[in-house]
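Have the model at hand as you read.

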Amino acid sequence: MRAALTERMNPLWKFDRTLPTGTPLESGARHDVVIVGAGLTGLSTAVMLTRAGLDVAVIDAGGIAELASGANTGKLSLLQGAQLATIRRHHPAELVRAYVDANRSGMEWLLAFAELSGVPFTRHTDHSYAQGPDGIDTVDEQHAAAREAGLPTRVLSPTELLPTPFPVAAAVALDDQVAIDPVAVAVALAAELLASGGTLHTGVRATGTKAFAGRVDTAQGPLFAEHIVLATGTPITDRGLYFAKVRGLRSYCVSFRVPGDVPEGTFLSVDGPTRSIRPVTVADGPGSGARLVVGGNGHPVGRSDSEAAAVEDLVAWAQLHFPGAEETHRWSAQDYESHDLIPFVGAMPRGFGRIRFATGYAKWGLSNAPAAAQRLTSEILGTPRRDRPTWVTTIGTRLTVPADLGRGAVEGGKVAAALASGWVDAERRRTPVPQPAEGEGVVANRAGRPVAVSTVDGVTRAVGAVCTHLGGVLNWNDADCTWDCPLHASRFAPDGTRIEGPALRDLTPLSSADPE
């Protein structure tokens with residue numbers, strides 16, 4: 001049972017699809033720009049820069065749309081659940097409007113690209129909805145913030161939303177929003193990059209940057225460039241301490257084959273537990289017909305009693321409200337949320353103007369990624385500030401308010417608590433330990449050091465259980481079968497290979513953890 005489930009932790013969008021792989025890296029090669037990360041941010045930036053005539057190389061430790069870009073719900077909306085209301089509670093209306101304008105600009109660019117490249121998408125009315133009475137005030141706040149920011153939203157009563165098979169107490173709606181296949185977008189971006197003479201290297205892990213030398217170090221040798229862009233979810237350098245200014249969040253998706261009708265609109269709850277709903281039409285093949293993607297149950301990385309239980313809860317919810325729903329795929333994604341809920345984009349501190357980055361999309365990368373790419377491109381091309389959109393200046397000069405500091409302090413406290421409890425808990429279980437069952441992992445103590453032991457696909461492995469970033473003790477993710485750090489969201493495969501996060505080094509493999 002467990003093995004069958006882990007095989008299905010793969011996004012619907014990647015099913016039966018061949019992704020571009022690019023060419024082998026030539027050590028020492030020079031380009032105008034080297035971009036680390038072949039997700040939507042990296043590829044959008046690369047396409048914009050190649051259109052401007054620059055020589056651009058993109059590298060990625062995995063493949064195209066390897067992580068969040070290929071594992072989201074494919075919802076492209078300016079409404080964004082309760083995001084606008086949450087920002088507005090502590091920030092001026094001008095900043096909320098700038099955030100909306102940035103997302104609108106990113107959305108317009110992405111849709112224009114999709115139309116030009118033949119990537120299909122569908123338009124829907126998006127809904128931010130309350131599941132119960134406790135969420136009604138948030139719906140009203142979201143409506144007010146959206147209208148103040150220039151969005152033509154409207155409030156709907158439950159009777160106006162009928163028939164919805166799931167509970168809805170109130171909703172705010174925004175027409176003409178979009179659902180799209182995010183991997184199809186990434187593939188089309190990569191295709192244009194290559195057709196325009198750009199370079200793509202997949203399976204190449206960046207191991208560091210040297211700003212003064214304009215160098216990106218990789219496992220296959222260095223690359224050199226006048227400009228470096230880190231489009232890696234969270235920056236792979238500790239310059240600016242951005243790992244402490246964002247928090248990593250994991251959330252889950254399950255797709256279903258549904259008998260009968262599915263909702264025509266897209267939905268995201270403003271109260272918990274989070275429920276995200278979008279329809280999908282599969283036009284060809286034996287699995288053609290109506291499908292439903294249900295997402296939600298997000299939590300900070302490494303701080304969950306059971307990630308697998310979060311997925312099963314989504315399955316139970318969908319099958320309760322859509323009788324006969326048959327699960328087809330399940331997957332998860334990781335995104336980063338800044339403490340003020342506005343992305344960080346621009347030049348990296350102490351980067352000599354060579355290194356730029358983007359992070360903190362708070363799960364809204366389909367619009368924030370191309371918006372970030374527009375800003376990064378304008379900076380690299382030297383576009384005068386007066387010619388840049390107003391939203392760039394407003395977001396770039398925003399002030400930190402007490403609420404932002406408060407959220408940062410709370411998160412810092414949780415990080416400190418996770419650091420302490422991880423080491424204490426590891427002391428309580430000493431090796432030898434029973435061999436973990438399939439899909440399970442345990443942390444134990446051997447000679448004063450935490451050891452991580454897991455069994456996946458019939459293979460039992462032992463690795464060091466201490467994150468190679470800042471020393472947090474890892475927790476086992478029983479949905480993805482990974483070791484996750486509860487401090488700053490680095491993740492590692494069972495064999496210790498680094499997957500994502502601020503950590504750059506793999507975990508140390510151990511020859512034996514003395515399992516019983």
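Ala, Val, Leu, Ile, Met, Phe, Trp, Tyr, Cys and Pro count as nonpolar here; Asp, Glu, Lys and Arg count as charged; the others, Gly among them, count as polar. The model is predicted.

**Cavities**

A search of the whole structure finds two cavities of 30 Å³ or more. The table sets them side by side.

| Cavity | Volume | Nonpolar lining residues | Polar lining residues | Charged lining residues |
|---|---|---|---|---|
| Second largest cavity | about 30 Å³ | five | five | no charged |

Take the largest cavity. It is lined by 14 residues. Closest to its centre are Ala102, Pro343, Val345, Trp391 and Ile395. Helix H4 (93-117), helix H9 (365-380) and helix H10 (390-396) are the elements that each give two or more residues to this lining. Which of them gives the most? H9 does, with four residues.

The second largest cavity is lined by Cys467, His469, Leu470, Gly471, Gly472, Cys485, Leu487, His488, Ala489 and Ser490. Its lining holds no charged residue.

**The sheet**

Strands E21, E22, E23 and E24 form an open sheet, in the order E21-E22-E23-E24. The pairing is antiparallel. Strand E21 (475-477) and strand E24 (498-500) are the edges, and each pairs on one side only.

How many bridges join strand E23 to E24? Two bridges link strand E23 (residues 491-492) to E24. Across this antiparallel pair, Arg491 stands opposite Glu500 in E24.

Note on methods:
Residues are numbered from 1 along each chain as its sequence is written. This is a predicted model: local features need pLDDT of at least 70, side-chain atom pairs count only at pLDDT 80 or more; totals for chains, interfaces and linings use all residues. Side-chain values use heavy atoms; hydrogens and water are left out. On a 1 Å grid over the protein atoms alone, a cavity is a set of points where a 1.4 Å probe fits but cannot get out, and a pocket is an open set with protein on both sides within 12 Å along at least five of seven lines; lining residues have an atom within 4 Å of a point. Grid points are joined across faces, edges and corners, and a volume is the space filled by probe spheres set on the points. Two strands pair if DSSP finds at least two bridges between them.
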